Amino acid sequence: MTIAIAVDIGASSGRLVAASFTGQQLEMNELHRFDNAFMEKDGHDYWDIDALFQEILIGLKKAKAAGIHTCTLGIDTWGVDYALLDSSGERLHDVYAYRDDRTHGAADRLHRSLVSRDFVYAKTGIQELSFNTLYQLYVHDRQQLDQANRILLVPDYLYYGLTGKMINEATNASTTQLLNLQTREFDSDLLNALGLKREQFAELTQPGSRLGGLKAELAATGDYPECSVVVVPTHDTASAVVGVPAKADRSWAYISSGTWSLLGAELSEPLNGEEARKANYTNEWGAYGTFRFLKNIMGLWMIQEVRRENGESHTFAELAEWAEREDAFRSLVPCNDERFLNPPSMTEEIIAFCRDSGQPVPDTPGRLARCIFDSLALTYLDAMRELERLTGQKYEVLHIVGGGSNNRLLSRLTADLLGIEVWTGPSEATAIGNIAVQLIADGSLRDIAQARQVIADSFPPNICRPSPVADRHDLAERWQRITQLTLKET
Ligand code: ADP
Ligand code: LRH
């Protein structure tokens, strides 16, 4: 039986998961889990990329100790962040975290001086997020950029560390905002605008390709299983959407719910017209020629920060439980305002917004959590309405996958506000999607449709049915007033 191992590293945690496929069902076994967070050094935010690489090796050692001698292996992480390598393959810098404020105002400057917003959106179909790789590279140290022999995104870099091979995997490369939807390659005008050359990137590689084994010095240790390394959708959101247990006979939208809430639909063609641009919807490349037409919503980052600022003395489950006992829709915040992207204190930022907008101040962890979940659910409602308008579809089911699908309150609020069924789980959809692509690559699964059927059979979703919302009209008016106080979207 094939064992497939997924390395899945999100902004808040990483894990290595082993799966075996019996022919009908997927059985999953978590090998290793570790925290992830960016840290500040000399006024900038960075990921500890070397520590993350070591965690992968620890996980692979555990796999061997657990009796796994051969396996396939795929890696996914969050998007947009990158490493520049010199001609001997050495990294030229610490890996910046996308929330670092060096890109503050960069989008405006770039669009004013080099290429317009419309031009970039028409070419790439990628939503404007202040931290897209395009803007990060625009403000990156020029000397390092000129020295860079290769520009690899984070999972490409981790693949390189394991195999010695350099690729730019396509789903994640689309989050750079540098890929052209027509040519399906890096766009030469955008590279020129940044003063970059095509050769500084590696070959654009599709999920499902194979990279061979671990590099010789790792294999020689005998510490790790014999791995056949497969290129999976290395953008975690792309793997998460593969892992959605959707049924083909009902129209469905999804939220990949973790640090971010990525709300959207799977399309076979991009939608990169003016309306989509104005609504800031993105067309990220998916596995098997699909597009993720979606919007980034600030997500559970807000509660992660509140919890961290509180000394991590409560679990997420506790915070959700306390929130459930609080009054609904008491205090609301415009989640997608840039003020919540990386404030010095999330707790203070939420409190200040509520106070300044004349709302009750959420003064306990339970009330802060309630304020966040209520506001997220209302933001989901707005995004779903936009999605329906832009795609011309009515969605019968909303799937919520990822760690956030454990939050029953948020799922229930979402179902009530949308008035449709919300199907929750699996919470490890990203690792599962990563594994599904490995199983399709080795022929154990036929295609994505069969993979989704197997995923639904192996991890049956919970169904959350909607109940009516009290004082809906009143709530809509209050919410409109709050969102009009938004300064700028991320
Ligand atoms: P990422 O991949 O972005 O790091 P995850 O998909 O691992 O994120 O999701 C992490 C989030 O899931 C946490 O921030 C938390 O809000 C939520 N979560 C996880 N477990 C629970 C739980 N038992 N109850 C409520 N929320 C949970
Ligand atoms: C989610 C995610 C998202 C990106 C952000 C950088 O983890 O990959 O899709 O926009 O992180």
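First, a term I need: two residues are in contact if their C-beta atoms, placed from the backbone, lie within 7 Å. I also note that helices (H or I, at least four residues) and strands (E, at least two) are DSSP runs, numbered from the N terminus. Axes are lines fitted to C-alpha atoms, for helices over the stretch in contact, and angles run from 0 to 180 degrees between N-to-C directions.

This is a predicted model, where local features need pLDDT of at least 70, side-chain atom pairs count only at pLDDT 80 or more, and totals for chains, interfaces and linings use all residues. Residues are numbered from 1 along each chain as its sequence is written, while chains are lettered from A and ligands numbered from 1 in the order in which they are written.

**Entry 1, the sheet.** I found an open sheet of seven strands with mixed pairing, in the order S17-S18-S16-S15-S19-S20-S21. Strands pair if DSSP finds at least two bridges between them. At the edges sit S17 (282-285) and S21 (462-464), each pairing on one side only.

**Entry 2, neighbours of S15.** S15 (residues 252-257) runs parallel to S19 (residues 397-401) over five bridges. With S16 the pairing is antiparallel, over four bridges, and the two form a hairpin with three residues between them. I saw helix H15 (residues 365-391) lying across S15, S16 (261-267) and S18 (291-297), at about 20° to S16.
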